[in-house]
Amino acid sequence: MNLEQKKQYNKEYRIKNLDKLRKREKEYRLKNKDERKEANRQWYYSEKGRSYYSKVSNQVPYICSKSCFRLKDRAKKKNLKFNLDADYLMSIYPKDKKCKILGFKMRVNRFSKIAKQDKYTPTVNRINPKKGYVKGNVEIISQLANSMLCNANKSELIKFKNYLTRVIK
């Protein structure tokens, strides 16, 4: 059997036995969960993994697809409406990749142990939190701007603005 025949045979075998192979793979993943987790962690922090993620993680399609997946899960947990998709998030992502509130360039720092707390990380903000994650109710801003909006009410933000206008003349 030459190489081309072997490839063809393997392809046909996979098609015929797809359910059987998926079941076997799932059993393997469950059985070797810790070993796979450690192997993935080692690859992620290896030079090859760092190189790969530094190229991919700041690309808008990657950021939007990851965000969409996480937002859907969060909406389900918080019992909120959800109708977003990665294409919509890409369409509202700032073209210049700058936070529209604070003005600095957003980026993803995948290798920071506190990546979620990195002020430059792009996040999805609900304009009206009660409406949920629906089209027209979300915007992409930096983590810092989002935490400022989430942790302060309207009157506190106005006081903060008034203070800054007095101090910075």
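Helices (H or I, at least four residues) and strands (E, at least two) are DSSP runs, numbered from the N terminus. Helix α3 covers residues 33-45 and holds both R41 and E38. This is a predicted model, in which local features need pLDDT of at least 70, side-chain atom pairs count only at pLDDT 80 or more, and totals for chains, interfaces and linings use all residues. Residues are numbered from 1 along each chain as its sequence is written, and side-chain values use heavy atoms, with hydrogens and water left out.

Start with the charged pairs. Side chains of opposite charge can pair when their charged atoms come close. A salt bridge here is a side-chain nitrogen of Lys or Arg within 4 Å of a carboxyl oxygen of Asp or Glu. The structure holds 5 salt bridges. One of them joins R41 to E38, with the closest N and O atoms 3.0 Å apart. These two residues are 3 residues apart in α3, about one turn of the helix. R41 is partly exposed because its relative accessibility is 42%. E38 has a relative accessible area of 33%, so E38 is partly exposed too.

K77 forms a salt bridge with D73, and their closest N and O atoms are 3.4 Å apart. Helix α5 spans residues 60-78; K77 and D73 are 4 residues apart in this helix, so about one helical turn separates them. K77 counts as exposed because its relative accessibility is 67%. D73 reaches 38%, so D73 counts as partly exposed.

Next comes a pair made by loop residues. K135 forms a salt bridge with D85, the closest N and O atoms being 3.8 Å apart. This pair links distant parts of the chain, 50 residues apart. K135 lies in the loop between β1 and β2, and D85 in the loop between α5 and α6 (86-92). K135 is partly exposed at 41% relative accessibility. D85 is partly exposed at 31%.

Now turn to the strands. β1 and β2 run antiparallel and are joined by 5 bridges; two strands pair if DSSP finds at least two bridges between them. T123 stands opposite I141 in β2. What encloses β1? Because 5 of the 5 residues of β1 are buried, the strand is largely enclosed by the rest of the structure. Both of its faces are covered. P122, V124 and R126 are buried on one side, and T123 and N125 on the other.

R126 is buried yet has no salt bridge. Its nearest side chain of opposite charge, E139, is 11 Å away; Lys and Arg count as positive and Asp and Glu as negative, while His and the chain ends are not counted. What does the side chain of R126 reach? It reaches the backbone oxygen of P129 at 3.0 Å. Contact means heavy atoms within 4.5 Å. Leaving aside neighbours within four places in sequence, R126 is in contact with K78, L80, G132, Y133, N137 and V138.

E139 belongs to β2, residues 138-142. Its relative accessible area is 14%, so E139 is buried. A polar contact of 2.7 Å joins the side chains of E139 and K100. Such a contact is a pair of N or O atoms within 3.5 Å; within protein, one must be able to donate a hydrogen and the other to accept it, and residues adjacent in sequence count only if both atoms are side-chain atoms. Beyond neighbours within four places in sequence, the contacts of E139 include I92, T123, V124 and I127.

Finish with the nonpolar core, a set of buried Ala, Val, Leu, Ile, Met, Phe, Trp, Tyr and Cys residues joined through side-chain atoms within 4.5 Å. The largest one has 19 residues. L71, L84, L89, Y93, V124, Y133 and V138 touch the most other members. α5, α6 and β2 each supply at least two residues of this core. The largest share, 6 residues, comes from α5. Not counting residues up to four places away in sequence, V138 touches residues including L84, V124, R126 and Y133.

Technical notes: Buried means under 20% relative accessible area, exposed over 50%, partly exposed in between (1.4 Å probe, protein chains only).
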